[in-house]
Every structure is written in structure tokens, then in C-alpha cells.
Amino acid sequence: MPLQGFCSFLCCRHGFTVLGRDYGEKEEEESFELRSKEDEATCNGRGPLDITLTQPGRTANGPSSRSEIPEEMRSLIIEKSKGAIEEDTETVVKGWLYREVRGGWIKMRRHWFVLTQDSLDFYTSNEKNAKRLGSLVLTSLCSVIWPDKQSYKETGNWSIMVYGRKHSYRLYTKHFNEAVHWACAIQKVIDSKAPVETPTQLLIRDIEENKFNPEAVGHIYKHNPILKHTQSPLYASLLPFPYASLEHTFHSAKGYTTLRDEAVKIFNSLQQLESAQDPVSLIQGVLQTCLDLRPLRDEVYCQLVKQTSGTPSPDTPAQLRYWQLLTCMSCTFLPSLSILKYLRFHLKRVQSQYPDTEMDNYAAFISEAIGKTKGREYVPSWEEILVLMNRQEMFCTIHYPGRGSCKLPIRSHTTADEVVKKMKERLGLQLSHNTFALFEGNTYKERAVGGSTIVADILTRFENLAAKEPESEHQWKLCFKLYCFLDTDSVPKDSIEFTFLFEQSHAMVIQGHLFTSEEDLQLLAALRLQSLNGDFSTHTPSPPLEELFPRHVIEARALALVKIAPAKPACCPSRFLTGALHAGLWKHTAVHKIKAEDDLRFRARLKEEGASMMASIVESWKTLQGRAREDVMSVYISVVKQWPGFGSTLYEIDFYISSTGSFSQRLWLGVAATSVSLYRQGDPEPLESIHYGQISSYGVSDSTTFKITAGDREFLFETSKLNEIAQLMTAYITSAHRTQRPSQRTGSKNFALGSPVQELSSHPV
């Protein structure tokens with residue numbers, strides 16, 4: 001840019017600041033509005049992108065003579081003088097409406113409203129010389145909330161809410177169609193307005209245009225203090241926000257005000273960081289606000305860039321707090337494209353101005369982070385924030401079958417797929433034909449983690465759960481396990497993968513997800529003991545029966561042996577209890593007593609059956625003396641493989657119905673390498689088996705229903721495991737298509753898998 005033109009630019013931009021004004025005791029925010037082409041044609045002959053900055057005038061004794069004009073109109077470019085109603089061609093809609101009045105005993109007043117291309121005005125009447133009582137100037141930042149049933153139920157009228165910069169109108173009408181008509185018309189006028197831009201936005205654009213001219217950029221920063229660090233408070237947001245919106249109403253329950261107010265509050269929190277004894281809680285609060293109120297993310301980035309530009313004492317602990325928060329922001333949320341470019345330029349500029357400093361190190365870390373950051377579901381945990389403040393890596397403990405675990409270094413952007421890849425490399429499983437995945441779970445629950453899930457989000461959720469139940473013994477953890485059982489026959493018996501197969505098969509047996517006879521279950525329990533403890537010894541402690549044998553089998557035996565006596569009516573002394581009420585109370589007490597006795601008998605029988613089963617398992621264990629661990633593990637796998645559905649992952653189905661009319665309750669849906677099958681609980685043979693080659697589509701039908709379409713048949717399953725089933729089916733089908741030869745992929749449907757299967761989206765089909 002030529003120096004002469006640049007000086008003219010500085011004159012145009014000079015004084016863009018919302019800090020340190022001295023024209024009165026009360027601070028007022030400034031308003032900036034882009035002129036439209038029509039406005040420019042009638043005003044000073046300037047181009048459509050010129051900016052007019054108006055600032056309210058003050059005198060020593062009070063407001064200027066412009067006080068007759070509404071304050072909201074004084075602060076904008078186009079001003080309308082008070083006067084009579086004229087037949088204006090710009091009038092969009094006019095009519096009678098009720099306006100809510102706050103204060104006093106009259107709640108609503110009837111006025112004549114006129115909507116023009118610039119404002120919403122209301123008058124005493126619809127006569128030509130009626131007095132105008134108020135005006136709400138419409139800009140692109142205004143908003144309209146449409147009529148809702150709640151206000152109609154409360155008042156018997158349909159209401160709309162119109163928000164302006166300083167004022168808001170709640171308007172009522174008896175007719176729904178009329179309310180919608182006004183809301184549509186006002187919204188159309190708002191949408192027609194040119195976007196409002198703040199000085200910060202204009203200067204960011206100027207910096208982008210002159211980024212290859214260091215001298216010009218230096219002049220921009222020098223003559224515009226709004227871009228640089230300040231100790232003064234901020235009285236208005238750096239970016240434009242709607243005066244009110246549905247976003248505000250949705251989050252009002254959390255205590256948030258408008259976006260503009262929240263932006264000013266956040267800047268106050270940023271300044272408190274400089275002297276805070278515990279900055280982590282403040283940082284978490286700012287991040288939580290940005291998580292809840294997405295539009296504020298760009299604003300916070302601009303505030304942090306401002307506070308890290310032109311710092312009076314760089315590299316001091318107080319100033320580095322801003323860099324620490326900027327680091328946490330860059331590892332949690334990404335700004336919009338324009339602010340991202342501004343941030344990248346700022347980081348490069350700082351690195352060139354302050355080489356080999358802590359600011360340089362933070363700028364380099366942030367530059368790398370914003371290239372990898374994905375959207376986070378949770379605010380970083382306390383531990384993660386401490387790690388990020390020091391630009392370090394976190395360590396995550398990953399467990400795997402066989403009671404093993406290892407610590408892996410992760411960052412805020414590390415996904416579950418990346419952790420799986422690292423675990424496969426560390427355990428030497430790169431050449432396995434089977435698929436592995438991360439699982440999150442505790443003693444009672446377990447579910448697979450999606451490959452794109454951010455691991456740091458999972459750890460944050462674990463931290464939140466631990467905070468709610470600090471004394472719980474069933475803490476959540478991450479496990480690395482087999483996911484798709486694609487090839488279990490070629491797994492070497494001396495490999496860690498075979499240990500995975502053995503441990504996960506035993507977990508299926510304990511959960512009752514592997515259907516076999518009771519004799520085989522006893523043999524499997526004995527093999528398990530031999531693999532854990534070696535040869536039998538009276539000095540070797542044995543694990544609890546629940547870890548060796550399915551508990552539901554023992555409970556079923558105990559329940560079958562317990563003879564539940566029918567409730568016999570007890571004798572009721574007539575001299576003490578007479579009448580129907582007393583007889584009812586006596587009978588109720590007797591039934592409860594009988595139930596308590598039955599429960600005691602059941603528990604005693606359960607204990608006896610457990611002891612008997614444990615004795616039988618120990619006797620079988622003694623017969624395995626001298627068998628090596630690898631040998632008994634191999635025998636164990638050969639026994640469980642006798643079930644035709646081995647390798648299936650079972651999901652509980654509450655209800656099932658097909659298009660042929662068959663239905664059932666309480667089933668298992670088994671998802672395997674080549675098909676999905678339906679089993680009755682405890683029955684080894686499937687009721688129905690659907691090969692993947694027959695499936696044309698599958699997915700979530702509604703909040704509790706999973707739908708599979710196979711040809712002209714449809715199967716509906718009611719279950720709580722909708723996403724897990726869809727995820728596993730997708731993994732199996734994808735793996736199968738990946739292993740096909742190209743000729744098979746383009747071949748006919750005679751191939752086992754047929755054409756690619758359509759996965760339905762997670763909404764009603």
C-alpha cells in the first residue's frame with residue numbers, strides 16, 4: 001500500500017477503540033452499521049463499504065438537543081425525525097397490536113404499528129397527524145422470536161418478541177396468522193439489512209490485506225489501541241452479536257445473559273487470570289462458557305489475541321496466563337476461518353518479534369495444535385489443563401485382557417483409532433486378521449468406543465463420574481480388546497492375541513453369552529482354574545465362583561429346587577382384629593412374612609448349590625494336573641468353538657417383530673462376521689439368521705428401534721444398544737468388503753456379501 005494511501009487509511013480507521021472514553025460518567029457502547037448502496041447514493045457520495053462511526057454527544061449539563069430523538073436511533077446512521085404518519089412507499093406492514101407495558105397496573109396497551117424498511121414505529125392512533133410514541137431501528141443484529149403456545153395459554157393472545165439494541169417489544173394479537181405475518185415481515189426486513197461490522201472486524205480484514213507489508217501492519221497496531229493489550233475493562237464485545245436470540249433463551253437456565261454481556265464478562269475473567277492463585281478453575285469456566293455458547297468462541301479468540309499483542313512486560317508469569325488459556329482454547333475449539341487466519345498471523349508475528357522466549361514456545365505449540373484440533377464434547381479435565389499449561393503430553397492407562405496394562409502418551413486431539421494403532425504396534429498385533437477397538441467400562445457395563453472419539457473427552461467424563469461417586473469401587477477404565485472376530489482359527493497359540501481370545505471367550509461364558517451344557521461349563525471352569533493357578537494345591541487360593549461359572553445357572557438350579565409354599569392365611573384373634581380393614585392388614589403382613597421366608601430359603605439353597613458346584617469344579621481341576629497353561633487355553637477355546645455362533649457379540653433385545661408377522665420378547669441378537677442371528681436365551685440354535693448378502697439396509701428407525709431390511713422382509717428390534725449394533729455391523733461389512741478381490745467387488749450378487757449395504761442414518765426411516 002502506498003504511504004499516502006496508507007495515511008488516508010489511518011485517518012479513516014484512527015480512534016477505533018471502546019476503551020478509556022472521557023465524554024461522560026456513564027459508558028455507552030458504540031454502534032457501527034454498513035451502509036447499503038441506496039443509502040450511500042444519498043449521503044456524501046461514498047462507496048458502499050465506507051464506515052460511519054457515530055458517538056453520542058454529551059454536554060456538561062446533560063444530554064444534547066438530540067435527546068428528543070430516541071437514543072437507539074441517535075446511535076445509528078440513519079435517523080428519523082419525530083413527526084406525523086405519512087403514506088410512505090417504504091411501509092411494509094401496518095395495523096393494530098397490543099404492546100406489553102412493564103410497571104403499573106395496565107399490562108398491555110393498544111397502538112398503531114407501522115413497519116418500514118428501517119424501523120418498527122408505533123403511534124397513538126392510525127390518523128394522519130398521530131403522535132409517534134416510539135421507534136425500534138432494525139439492523140441485521142435485531143431478532144424476532146416467533147409466537148408460541150405457552151404465551152397463548154397464559155394470556156389468550158399470540159405474542160412475538162422483537163429485540164433491538166436498547167429496546168425490545170413484546171407484541172400481542174388475537175390471531176395466530178396475524179402474529180406470523182408480522183414476524184415474517186419483520187424478519188424479512190432484518191434479513192435485508194447489510195451486516196453490521198465492528199472496528200475489530202474491519203481491522204482484522206485490513207491486517208489480512210496487508211499481511212505481507214510489516215510496516216503497514218505496524219502502523220495499524222500503533223494507531224488502533226483496540227488491537228493491543230489493555231488493563232482497562234471492556235465495555236462492548238469486539239465482534240457483533242444479535243441483541244437477543246433463541247441461543248440465549250435455551251441457555252438461560254444455566255445463568256447466562258445475552259451474548260454481548262457474556263463477552264464483556266469473559267474479558268473481565270481474562271484480566272483476573274493475571275493475578276489468580278488458581279487459574280485452572282477460571283480457565284475451565286471460560287472454556288465451559290465457550291462450549292455452551294458456540295458464537296462466543298471467535299470473541300474469546302479475539303480477546304486473547306488482543307491481550308497477547310503489545311504486552312508491556314512480555315514473558316512474565318502474569319502475561320503468560322493469557323498464552324496458557326490460548327493454548328487450552330486451541331486444543332478444545334477452533335475459531336471460524338477468518339479468525340483462524342488472524343490467529344495464525346498473530347502467532348507468526350509473535351514468533352518473529354520474540355524469538356527464543358516462552359511466548360515463542362507457546363506460539364509454536366498453538367500453531368501445531370490448531371492444525372490437529374477437532375471439536376470436543378467436554379471441557380478439558382483439571383489434569384489436562386495443567387498439562388496443557390506446561391505444553392506437555394498426558395499419559396493414559398490402557399488395560400487389555402490378561403490383567404495387563406500400559407501407559408500411552410496422548411494429546412488433546414488423539415482419537416481412539418490412534419490409540420488402537422499404538423497399542424497394536426506395542427503388542428505386535430499389526431499383522432492380525434482380526435479387528436481391535438477401545439472399550440470403556442466398569443464392573444457392570446462395557447461398550448465399544450467410536451474410532452473418531454477424542455480420548456481426552458473420555459478421560460474427562462471418567463473424572464466427572466469419579467467426582468460424583470468418589471467412594472465407588474467400580475471405576476471406569478479404557479480397555480483394548482478384540483472387536484471383530486474375523487479369523488480365530490489362524491491365531492498362534494503362543495501369541496498375545498490368543499490370550500485375548502481366551503480371556504474374552506471366558507468373559508462371554510461368565511456373562512451367559514455362550515450357550516453350552518452344564519457339564520461343559522464345569523469343564524471350562526476347571527480349565528480356567530488350571531490356567532490361573534496351575535496344578536491343584538490346598539494352599540492355593542481360588543477365585544470366587546462368580547469368576548469361574550455363570551451365576552445365572554446356579555440361581556436357576558436353586559430356584560427350581562426351592563419349593564415356594566403358597567401363602568396360607570394366618571389365624572387372626574377375633575378379639576384383637578375385627579372387620580375388613582384389620583383382616584386386610586393382617587393378610588398383607590402375612591404375605592410379606594412368607595416372602596421373606598421364601599427369600600431366606602432361596603439364599604440358603606443358592607449357597608448350598610454354589611458350594612456343591614465349586615466342589616465339582618475342584619474335582620475336575622484335579623484331573624488336569626500337569627497340563628501347561630497354553631495347553632488348557634487351547635482346550636478351552638476348542639470347547640467354546642463347538643457353539644456354532646462362536647465369535648458373535650450378543651445384544652439383548654426387548655422385543656422383535658418381522659414383516660411376516662412373527663414376534664417375540666427377550667431375545668439375543670448375535671452380530672457375527674458373516675450374518676446377524678436371533679437366539680432365544682439359552683438356546684444354541686438361532687431362530688433366524690440373516691446373511692449380510694441379503695441385507696439391503698440397516699440402521700436406527702427411532703429412539704429405541706433398530707431396523708434391518710433384507711429383500712422384501714423387514715425386521716424391527718427394540719433395544720437400548722442401537723448405535724453399538726450399527727457400529728459393529730458396519731465394521732464387519734467394511735472389513736469383509738475390504739478383503740474382497742476387485743473382481744468380486746464388481747461381480748454379481750452371487751458373491752456372499754453382495755453389493756455394498758446401505759447404513760441408515762440415526763433418524764426415522
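Strand 5 and strand 6 (residues 108-115) are paired in the antiparallel sense over 8 bridges, where strands are DSSP runs (E, at least two residues) numbered from the N terminus and two strands pair if DSSP finds at least two bridges between them. The model is a predicted one, in which local features need pLDDT of at least 70 and side-chain atom pairs count only at pLDDT 80 or more, while totals for chains, interfaces and linings use all residues. Residues are numbered from 1 along each chain as its sequence is written, and side-chain values use heavy atoms, with hydrogens and water left out.

Strand 5 is also joined to strand 11 (residues 168-173) by 2 bridges, and these two strands run antiparallel. Arg-99 stands opposite Arg-109 in strand 6 and opposite Leu-171 in strand 11. Within strand 5 (residues 93-100), Val-93, Gly-95, Leu-97 and Arg-99 form the covered face, whereas Lys-94, Trp-96, Tyr-98 and Glu-100 form the uncovered one.

A search of the whole structure finds 0 disulfides, a disulfide being a pair of cysteine sulfur atoms within 2.5 Å. The sulfur of Cys-406 lies 9.0 Å from the closest cysteine sulfur, that of Cys-396, and is therefore too far for a bond.

The mean pLDDT of the protein is 81, with 79% of its residues at 70 or more; pLDDT is the predictor's confidence in each residue, from 0 to 100. Over residues 564-578 pLDDT stays under 50, and the model has 13 contacts for this stretch beyond four places in sequence, a contact meaning heavy atoms within 4.5 Å. Where pLDDT is low, the predicted coordinates should not be read in detail.

Note on methods:
Buried means under 20% relative accessible area, exposed over 50%, partly exposed in between (1.4 Å probe, protein chains only). Helices (H or I, at least four residues) and strands (E, at least two) are DSSP runs, numbered from the N terminus.
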